[in-house]
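Hello,

Here is the structure I said I would pass on. My notes on what was found in it follow below.

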Amino acid sequence: MARPDFDAFDARLLLRLGNRTDVTAAMRNESLDSAYYYVANVFEHPALEKSVTGTLAINAESFTVSASDFWWPTIVKDTTNDRVLLPRDMESLEKYRKTAGNPGVYAYYGKVFYVDRKPTVAATMKVFYVARPAEPSGSTNSVMDEMFDMLIPMYAAMFAFEDVRDYEERDKQNVAVNQYVARMKIPWRQERLSDLGAGLQVRMR
């Protein structure tokens, strides 16, 4: 059975909106685009998990990677030294003077990867990342698994009702979305944080 394209999503969205005339075709298109990227962002998608390599040059403190669909990094590995780098924010990375050596920490800032040490030998850096889907158009299908096809017009309806301040209908759509996700056991994307080097954590009652 053929999967729905975005024209079909729009027709389904119009039905969910009760054929309202105050939600224009342009508004529906915006809601579908927003829903598509929202679903891509908040759920796990093997189809959007990719990797790319870059080179950290000798005595350099940053490197870039070339991937037109790059959205955000999940893991950075120095494959030359077989070492996974730990993520940090830019402020903590730049607090200290950078010495020579193999990097152990990175920060992603302004589409550039910065590291805590300057290598004495060029290193190959493998970056695992989440890919940003191409902008959808009428005759194209979603690149995500077909189980998410129902969620795209459902979320789009939520956003459209929000635009016209129909909060009661928005909340009904939200309930339907959550029920669908729970029944299908769809995994939400979990933020991956490393606790290495974080020290002893005291749990307070």
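Strand β4 (residues 83-87) pairs in the parallel sense with strand β5 (residues 105-109) over 2 bridges. In that pairing, leucine 86 has valine 105 of β5 as its bridge partner. Strands are DSSP runs of E with at least two residues, helices are runs of H or I with at least four, and both are numbered from the N terminus. Two strands count as paired if DSSP finds at least two bridges between them.

This is a predicted model, in which local features need pLDDT of at least 70 and side-chain atom pairs count only at pLDDT 80 or more, while totals for chains, interfaces and linings use all residues. Residues are numbered from 1 along each chain as its sequence is written, and side-chain values use heavy atoms, with hydrogens and water left out.

β4 also pairs with strand β3 (residues 70-78), here antiparallel and through 3 bridges. Lysine 77 is the residue opposite valine 84 of β4. The two strands make a hairpin with 4 residues between them, and aspartate 82 in the turn has a positive phi of about 50 degrees.

On the helices: the axes of α1 (residues 6-16) and α2 (residues 25-42) come within 10 Å and cross at roughly 110 degrees. α1 is therefore roughly perpendicular to α2 (under 35 degrees is roughly parallel, over 145 roughly antiparallel, 65 to 115 roughly perpendicular, the rest oblique). Axes are lines fitted to C-alpha atoms, for helices over the stretch in contact, with angles from 0 to 180 degrees between N-to-C directions. On the α1 side, Phe6, Phe9, Asp10, Leu13 and Leu14 meet Arg28, Leu32 and Tyr36 of α2 (contact means heavy atoms within 4.5 Å). By class, this contact has 6 nonpolar, no polar and 2 charged residues (Ala, Val, Leu, Ile, Met, Phe, Trp, Tyr, Cys and Pro are nonpolar; Asp, Glu, Lys and Arg are charged; the others, Gly among them, are polar).

The axes of α1 and α4 (residues 151-163) come within 9 Å and cross at roughly 50 degrees, which means that α1 is oblique to α4. Phe9, Arg12, Leu13 and Arg16 of α1 meet Ile152, Pro153, Met154, Ala156, Ala157 and Phe161 of α4. That contact has 8 nonpolar, no polar and 2 charged residues.

As for confidence, the protein chain averages a pLDDT of 91, and 92% of the residues score at least 70 (pLDDT is the predictor's confidence in each residue, from 0 to 100). Over residues 193-205 pLDDT stays under 50, and the model has 4 contacts for them beyond four places in sequence.

Regards
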